[in-house]
Amino acid sequence: MSPENQAENTTHSTEKTAKATPPKPSKPKSSVIQIHPEGERIHPKKAEGRFAKLRIAAVLATQFVFYVIPWFNWSNRQAVLFDIPDRHFFIFGLSLGMGDLIYLALLLMICAFGLFWWTTIAGRLWCGYSCPQTVYTEIMLWIDNLVEGDRNKRLKLEKSPWNFTKIRIKVTKYLLIFLVCAWTGITFAGWFVPIRQFVPDLFTGAAGGGAMFAAAFYGFMTFFFAHIMREKVCLHMCPYARFQSAMFDKDTLIISYDTERGEPRGARKKTANKEDSGLGDCINCTMCVQVCPVGIDIRDGLQYQCIGCAACIDACDEIMDKMGYPRGLIRYTTEGAMEHEYPESDIKKRLKRPRVAGYGAVLFVVIIAFLTGIATRKMVEVDILKDRGVMVRENSQGWLENAYNLRIINKSEHEQTVTATVKGFDDIALTGLPENGIKIAPRETVTIPVQVSTIPEYAEKGSQPIEFTFAYRETNAADAEPTVLNEKATFIGE
C-alpha cells in the first residue's frame, strides 16, 4: 500500500472513530490564583475562630512549661534541673543519677510511642499545636501582626521603599524578636544550670562559658528557625513530615476539603441562588490558602506539608457563615468518612484498629515498666569489689581474712546512714565499718575498705559464697524502718 493510500485510510478511520465516540463534555475548570509566588516569603493572614483559640491556648500552655517551670523550687533546689556537669537529673521529687539512665531511656520511649499512637489516631495535631517549630513560628507571626499589621499591610510594607517609617517599624519588630529569642535562650540554659543563679551571673559576667554558649546558640537557632526559615523547616527539614505516612491510614484524623460539596467552585454574589448557578459551596475566595502557614491549598487534597493547624478550617467556616452555608466544607475528618464508609461521628471505628492497639499496647507496657522501676528502685546502691591485692591473709587473731572495697552510692537528696553485716560461716566477722553505721551525704559516692574474717577450719580451699546485708535509712529519720539490701560475694580460703 502506498503512503498516500495509507494516510487516506488512517484519516477515514479517525473520522469514523470520532463519529462513533463523540467527545465528552469537559468539566468547568476552576481558576487558579497564585497566593504565594514561588521563592517569596509567605505572609499568612491571621485566622480567627475556635481552632485559633485552641492554638493560642496550646502556645500559652507549652511556654508556661518552658519559661516558668525552671523557676519553681522543690526541696530547696530547682524543681526541674538536668545537671550535666554533676551527671544528675532532678524532675520535681524524682532524682536520677548516671546509674538511672534506663529511666530516662524509658521516658524517651514513652514520648516516642506516645507520639506514634497519637498520630495514628489524630494525625498531625502535635505539629499543629505543640511542636516547638510551630509554637515559635506562631509567636513570630504574633509579633509581625502586632508591629506590621495583618497580611495586606505586611505585603504593602515589603514592597514599599525604605524610609523612616519602614525603618522604625522594622527596628521595633526585630527588637521584640531579639528579646523573645534572647530570653528563650537564657531559659533553655536554665534547664541545665540553676536559673536563679545563672540569670544574675549572666548580667554581671560571672556566668560559665558553657551556659552562655548554650543560651546564645539556642537563642540564635530560635531566631533562625522560627523567623527566617519558618515554613521551610516543615517543608524541607522535618523528618516527621516524611515518615508520618507510615502511621496514616484511611481512619486517621486529617484536615480535608469536601470535594463533593465544594465543587465546582466559583465566585458568586452573597445573594445568588446556589442551586441556579450550578456551583458548589466553595466560592474560590482562597482564604484557606491565605491563612495557611505553609502556603498550601488544602483543596488539592492531603499533602505532607499540612501540619494540621486548622487555620484553613477557621477561615472557611467564617466565609460559610457570611454566605449562609453550613460549616464544615473544610474540616477534621477521615478518608474513610469522606468516602461514606462510616459516619464521621463513629469514633469507635477509628479507635478499633490494629495499629492503634499495637502502639497503645507498647506504650502501656513501657509506662508500666517505668512506673514499676521508679516505685521499686533503691535510693542506695552498694558495689562489692574484691581487693585483688590481698587475696587471703591471716590476721592478728589467727583467722583467715579477705579485703573488700564497698562502693556506696547515695542517689537520694537526703543524708543516709548505712550499716552492714555479713554471713556465710558459723563464725564470721566484718570490720572496717563503725558499729552505728556510716553517713553518706546526698548524691555522694564513697568507697570504704572493709575486711571479712573467719576461722580457718570453716574456709575451705577455693572460693566460698558469702552474703552482705546492708540496711539504710535517712539520718534524720532514726525511727523509720530501714531498707535492706542483700549483695552476694565470695570468700577466698587458703
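**Labels and the values behind them**

Me: Arg-443 is placed in the loop between strand E11 (438-440) and strand E12 (445-454). Why is Arg-443 called partly exposed?

Reply: One thing to keep in mind is that this is a predicted model. Buried needs under 20% relative accessible area and exposed needs over 50%. Arg-443 comes out at 40%, so the label is partly exposed. The backbone of Arg-443 also has a positive phi, about 55°, although the residue is not a glycine.

Me: What makes Thr-286 buried?

Reply: The relative accessibility of Thr-286 is 6%, and the cut-off for buried is under 20%, so Thr-286 counts as buried. Thr-286 lies in the loop between H13 and helix H14 (287-290). Thr-286 is another non-glycine with a positive phi, here about 65°.

Me: Why is the pair of Phe-213 and Phe-217 called stacked?

Reply: Ring centres must lie within 6.5 Å to pair, and planes under 30 degrees apart count as stacked. The centres of Phe-213 and Phe-217 are 5.9 Å apart and their planes meet at 20°, so the pair is stacked. Both residues belong to helix H9 (residues 209-229), four residues apart, about one turn of the helix. Phe-213 is exposed at 59% relative accessibility, while Phe-217 is partly exposed at 46%.

Me: What makes the pair of Phe-64 and Phe-72 edge-to-face?

Reply: Planes over 60 degrees apart get that label. Phe-64 and Phe-72 have planes 65° apart and centres 6.4 Å apart, so they qualify as an edge-to-face pair. Phe-64 is partly exposed, with 44% relative accessibility, and Phe-72 is partly exposed as well, with 36%. The structure holds 19 aromatic pairs. Ring pairs also build a cluster, whose members include Phe-66, Tyr-67, Trp-191 and Tyr-218.

Me: How do you know that Lys-386 sits over the ring of Tyr-404?

Reply: The distance limit is within 6 Å of the ring centre, and the charge must also be within 35 degrees of the ring normal. The charged end of Lys-386 is 5.2 Å from the centre of the Tyr-404 ring and sits over it. Likewise, Lys-166 lies over the face of Trp-162, 4.5 Å from the ring centre.

Me: What makes Asn-395 buried, and which backbone atoms does its side chain reach?

Reply: Asn-395 has 17% relative accessibility, which is under 20% and therefore buried. Its side chain reaches the backbone nitrogen of Gln-397 at 3.0 Å and that of Trp-399 at 2.9 Å. Polar contacts are drawn within 3.5 Å. Asn-395 lies in the loop between strand E7 (393-394) and strand E8 (400-410). Leaving aside residues up to four places away in sequence, Asn-395 touches Glu-401 and Ser-453.

Me: Why is Ser-345 called exposed?

Reply: Its relative accessibility is 64%, and exposed means over 50%, so Ser-345 counts as exposed. Ser-345 is in the loop between helix H16 (335-338) and helix H17 (347-351).

Me: Which residues does UniProt list as "transmembrane region", and how much helix is in them?

Reply: The unreviewed UniProt entry lists several spans, among them residues 51-69 and 356-375. In the model, residues 51-69 are 95% helix and 0% strand, with end C-alpha atoms 26 Å apart. Residues 356-375 are 100% helix and 0% strand, and their end C-alpha atoms lie 28 Å apart.

Terms used: Residues numbered from 1 in each chain as written. Predicted model: local features only at pLDDT ≥ 70, side-chain atom pairs only at ≥ 80, totals over all residues. Heavy atoms only, no water. UniProt positions renumbered as here; feature names shortened; annotations may be inferred. Helix = DSSP H or I, 4+ residues; strand = E, 2+ residues; numbered from the N terminus. Buried < 20%, exposed > 50% of the residue type's maximum accessible area, 1.4 Å probe, protein only. Polar contact = N/O pair within 3.5 Å; in protein donor to acceptor, adjacent residues only side chain to side chain. Contact = heavy atoms within 4.5 Å. Phe/Tyr/Trp six-rings, centres within 6.5 Å; stacked < 30°, edge-to-face > 60°.
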